[in-house]
Every structure is written in C-alpha cells, then in structure tokens.
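Please read them alongside the sequence and the coordinates.

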Amino acid sequence: MAQLLFYRGEQKLIEYRLQAGRTSIGRADNCDVALPGEAVSRTHCFVVRRGDAYEVIDRSRHGITVDGQNINRAELRDGSEIGLGPYRIVLKLESEQAGPTAEAVADRGFEVVVDTGSQAVVIERAYLVVEAGPDEGSRKVLKKNRMSVGRRLSDVRFVDSAIVENHCFLRVSRGRVMVEPGDGAAFLDGARVRSITPLYADETLTLGNTVLRVERTQEEEVPFAKKFGAMVGESKLMLQIFGVLRRMAGHHFPVLIQGESGTGKELAAQGIHEHSMRSTGPFIAVNCGAIASTLFESELFGHEKGAFTDASSRKDGAFHAADGGTLFLDEVGELPESAQAKLLRALESGEVRRVGATDVQYPDVRVVAATNRDLAEEVRQGRFREDLFFRLNVLGVDLPSLRERPSDIGMLCDIICRDLHAEAHVTEAGLDVLKQHKWPGNIRELRNVLTRAFVMTGPRIDTKHVQFHSIDGLGGSHVASGTLKDAQKGYIQTVLDKHGANRSAAARELGIARSTLHYKMKKLGIQ
C-alpha cells in the first residue's frame with residue numbers, strides 16, 4: 001500500500017495511505033487532504049493511481065514541483081517529492097506482502113455509513129440512473145470500489161450495442177463517483193473523459209446511446225453474519241449484531257462499543273480489527289480504568305527521557321505502538337476529566353506529543369472504544385465530555401446481555417466445555433437450569449460457572465453441579481433514546497453555530513462525513 005508523507009520543513013506532519021482512484025490535496029474542506037496556507041489553492045493538485053502507476057496533476061495557480069522541477073503533470077516513483085507551497089510531500093511505495101484473505105478484509109469505501117444501531121445500519125449508496133437509451137428507467141447500484149462498465153462481461157451491464165466491453169470504469173470512494181477512461185468513448189456534459197474525472201449529481205455521462213446520471217440514496221439495512229471473529233451465537237439478535245460489526249469493520253471511523261461487563265466487548269473490538277483493512281497492523285489494547293491519571297499521557301502518548309522522575313529512557317505510547325493498526329480503549333468511561341481533554345485533542349488533531357517533547361507525530365490509528373457505563377447518562381451528569389462522546393461514537397453498537405439471548409446458551413456451553421476437556425458436556429437438565437439464570441456477569445460468569453463445575457465434579461455437568469454466585473442487580477440501564485437525541489441535537493447545533501452553519505467545517509470537527517451530518521440534521525430536526 002502506497003503512502004504520502006507530508007512535511008513542513010523538516011517536521012513530519014502526517015502519513016496518508018493512498019486509496020484506489022484519485023486523491024485531492026488543497027485548502028478546501030472537501031479535499032481528501034486539507035492543508036492550510038495562503039500559498040495553497042482550494043484544490044491544489046491530484047495524485048492519481050492507475051494500476052501500479054502514480055501520477056500528480058497540478059490544478060492550482062501557485063504551481064507545484066516534482067523533485068525540484070516546476071511541472072504541471074508527472075509520473076511519480078518511490079521517493080518522489082512534491083513541492084506544494086511550504087509543504088513537501090513524499091511518495092512511499094511499500095512492497096506487496098501476503099496479507100489476509102479477501103473474506104477477512106472488507107474495504108467498503110464505496111458506501112457511507114450515516115447511522116448505526118445494534119441491529120441495523122443506514123447506508124448512503126450511489127446509483128447510476130439511465131435517463132435515455134435502450135435501458136431507460138433502470139438503476140444500477142455501484143457496490144464496489146472499482147467497477148467496469150460495458151456489455152455482458154462487465155460489472156455494470158447495458159444492452160446498448162454502441163457500448164463495448166470495458167467501455168469505461170467507475171470508481172467510488174467515500175460516496176464520491178469518478179469516471180476512468182476505458183476502451184470506449186465516455187462524455188461528461190459533452191466533453192470526452194480522458195483522465196479520472198469526478199461525476200457529480202448534476203452532470204450527465206454519455207456512453208454510446210445511453211445517458212446516465214448519478215443518484216445517491218439512503219437505505220436502512222439489517223445485515224446478517226453467522227459469526228464474527230471469536231464471537232459466536234445463533235440467535236437472530238446476535239446474527240444481526242455480527243452483520244453490523246462486520247459492516248463497521250470495512251470503514252475507518254472510530255467505533256464505540258457499549259454493553260454490560262462480560263458481554264464480549266474486547267472480542268468485538270478484535271473482530272473489527274481482524275475484518276478491517278488494518279488487519280496486518282497491530283492491535284493494541286489499553287485498559288483506561290487501570291491507568292493512574294498522572295500516567296495517562298505517558299501510557300497513551302509516550303515520554304522523553306527525563307520528562308519526570310522515573311523517566312529513565314524515551315518511551316513510545318500506545319498511539320505509537322498502534323500505528324497502522326487499531327487502538328482499543330477499554331473502559332473509556334473511567335477516564336478522569338483531564339485525561340478526556342487530552343484524548344479529545346489527539347482524536348481531533350491527529351497529533352501525538354510525547355511528555356517532555358516539543359515535536360509531534362501523526363500515527364495512523366483507528367480508535368475502538370468500549371465501556372460498560374451508560375455514556376449518555378454520564379454526559380448528562382457532567383462526568384464525561386459531550387464532545388468526546390460524539391467523537392468516539394461515530395459508529396456505535398450495543399452488545400446485548402446474555403439474558404437477552406438465552407437461545408445462545410447451549411452453543412456457548414458447547415464451546416466452553418470443548419476448551420475445558422474433550423469429554424466435558426452439560427446435560428439437558430443442567431442446560432435448562434442455566435437458561436433460567438439471569439446472568440448478571442454474562443458470558444464471563446457462564447465460563448466461571450462451567451469451569452468450577454468441571455473442576456469439582458468432572459466432565460458431566462448436571463443440575464446439582466451448577467452453583468451461582470449471588471450478585472445484586474442486573475447491570476447498567478440505558479437512558480431513554482429521547483434524552484440522547486436531545487443531547488446530540490444540542491451538540492451538533494452548537495458546532496454548526498460555531499462554524500457559521502458551514503456544514504463541511506462542522507462535519508470535520510465532529511469527525512463524520514458531510515452526508516452523515518446531513519442525515520443527522522434531518523433526523524434530529526435541525527434546520
């Protein structure tokens with residue numbers, strides 16, 4: 001996977017992992033990489049990938065350089081340096097390595113997740129609508145990052161005899177549709193497409209005798225998956241949650257997993273990592289509830305030698321260790337207020353500064369957080385920052401308690417017993433007793449009960465061998481959805497007011513896509 005390394009002088013600012021298609025660089029909020037500065041145009045240049053080749057195209061009035069030479073367009077090689085105002089941009093080509101299987105890694109950059117729940121997701125998708133031609137009135141969904149357009153052998157097929165195989169290609173990235181030239185002639189509003197060009201909603205694409213427009217729709221889906229990572233279940237509820245988690249894994253946004261203690265939040269986080277494009281990178285887990293407030297910065301951001309009394313050497317933090325992978329922040333609801341502010345700054349800016357250091361780093365990290373607290377209620381009580389809650393809860397899911405999924409207890413018993421001993425098993429009568437229990441400790445409690453029964457009585461676990469600990473209460477409760485909606489509406493309105501109703505700037509501060517902000521504004525009644 002290729003990367004662009006951004007520098008200002010000798011200071012390294014950020015590493016940007018190039019996706020398929022075209023990457024826009026400039027001052028505007030809607031660019032893939034936004035750089036401030038008067039010497040930077042709104043859309044300054046494009047870096048385009050065609051197969052294994054890379055090219056930079058200047059689109060500014062300020063100009064660019066490639067390896068010190070003023071140039072409008074040039075091929076890029078490993079180590080090529082682009083000069084853009086006060087910035088240096090270096091292309092780094094990484095050698096292709098054997099990675100996980102295609103099934104394990106899902107890149108769903110062709111769609112935008114605008115809302116999530118425990119059982120469904122709202123997806124914004126792009127369609128091609130045929131306005132004229134033999135296929136008039138039909139709609140073609142774009143469900144890959146790159147699709148061929150043509151006749152019988154292409155991904156998107158038309159009966160128009162003037163269209164050839166691989167007539168052109170369509171790329172979809174974060175909901176944006178781009179046209180790539182192929183073996184036929186493609187025209188955007190009458191001008192022939194000769195390089196990768198964006199296709200906007202108000203433009204027509206003509207192929208042969210067929211006239212097309214792009215259309216975006218938002219749809220609620222209930223995805224299903226039979227399992228997810230190390231998580232198992234056969235109830236309808238869990239199959240839906242596995243589907244939602246798998247869908248989340250294909251994106252790069254932060255995820256907040258909420259659920260009672262023992263419901264498998266860390267397993268869900270590991271599954272998200274394993275099914276993501278980051279699966280070959282590190283998975284770093286940090287228990288926020290076990291870190292002293294005075295050591296929080298050092299644990300997450302690292303420290304320099306001599307930064308404090310016990311700092312005998314330089315140390316990397318969890319953000320550095322998770323570079324290129326996933327950082328799992330368990331028990332994030334336990335963070336003290338001072339630590340919440342520091343975490344929020346790192347998430348908003350991408351900057352990580354070691355304690356005692358003057359320079360900053362920009363590790364490429366996806367954050368997955370988990371908590372057994374009701375964070376919406378914690379926000380209401382003033383114990384958790386509202387802005388941090390919404391920054392973490394871009395994609396959110398609630399894991400159900402074991403008492404909500406009693407039909408899964410039999411399968412879970414089989415798996416736990418298999419780990420204990422080849423002959424370990426629960427009798428039918430014993431299973432009936434287990435299904436009647438309320439399981440305040442959830443799957444962790446079930447494992448402990450079966451382990452204790454096996455150790456005390458042997459592989460046959462019957463009713464008389466099952467013993468439960470008495471635990472008062474059934475775990476945390478959930479705040480009414482109306483309260484959460486009111487809090488979310490108020491926070492989004494505050495951010496919009498701060499930016500003078502500039503939706504691009506507001507979406508950027510909220511850490512969500514602009515289309516997601518539009519959806520949430522409509523859903524919450526924000527004008």
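**Notes on the predicted model**

1. Ser148 stands opposite Phe169 in strand 17. The two strands concerned, strand 15 (residues 146-150) and strand 17 (residues 168-173), pair in the antiparallel sense over 4 bridges; pairing requires that DSSP finds at least two bridges between two strands. Helices (H or I, at least four residues) and strands (E, at least two) are DSSP runs, numbered from the N terminus.

2. This is a predicted model, in which local features need pLDDT of at least 70 and side-chain atom pairs count only at pLDDT 80 or more, while totals for chains, interfaces and linings use all residues. Residues are numbered from 1 along each chain as its sequence is written, and side-chain values use heavy atoms, with hydrogens and water left out.

3. What surrounds strand 15? On its other pairing, strand 15 runs parallel to strand 16 over 2 bridges. Val149 faces Val156 in strand 16 and also stands opposite Cys168 in strand 17.

4. Two arginines lie over aromatic rings. Arg146 is over the face of Phe169, 4.1 Å from the ring centre. The charged end of Arg88 sits over the ring of Tyr7, at 4.6 Å from its centre. The criterion is NZ of Lys or CZ of Arg within 6 Å of the ring centre and within 35 degrees of the ring normal.

5. How many aromatic pairs are found in the whole structure? The search returns 5. Rings of Phe, Tyr and Trp (its six-membered ring) pair if their centres lie within 6.5 Å; planes under 30 degrees apart count as stacked, over 60 as edge-to-face and the rest as tilted. The pair Phe283 and Phe328 is stacked, because the ring centres are 6.1 Å apart and the planes are at 20°. This pair links distant parts of the chain, 45 residues apart: Phe283 is in strand 25 (residues 283-287) and Phe328 in strand 26 (residues 326-330). Phe283 is partly exposed at 22% relative accessible area, whereas Phe328 is buried at 0%.

6. Phe296 and Phe301 make an edge-to-face pair, with 6.3 Å centre to centre and 85° between the planes. Phe296 is buried, with a relative accessible area of 2%, and Phe301 is buried at 5%. Together with Phe319, these residues form one aromatic cluster.

7. Which residues of helix 2 (residues 265-274) are buried? They are Lys265, Ala268, Ala269, Gly271, Ile272 and His273. Their cover includes helix 1 (236-249), strand 24 (255-258), strand 25, strand 26 and strand 27 (366-371).

8. Most residues other than glycine have a negative phi. Asp67, in the loop between strand 7 (64-66) and strand 8 (69-71), has a positive phi of about 55°. Asp189 has a positive phi near 50° and lies in the loop between strand 19 (186-188) and strand 20 (191-192). Asp189 is partly exposed, with a relative accessible area of 47%.

9. Buried residues make up 50% of the 527. Of the contacts (heavy atoms within 4.5 Å) with a separation of 6 or more, 57% are between residues 24 or more positions apart.

Methods: Buried means under 20% relative accessible area, exposed over 50%, partly exposed in between (1.4 Å probe, protein chains only).
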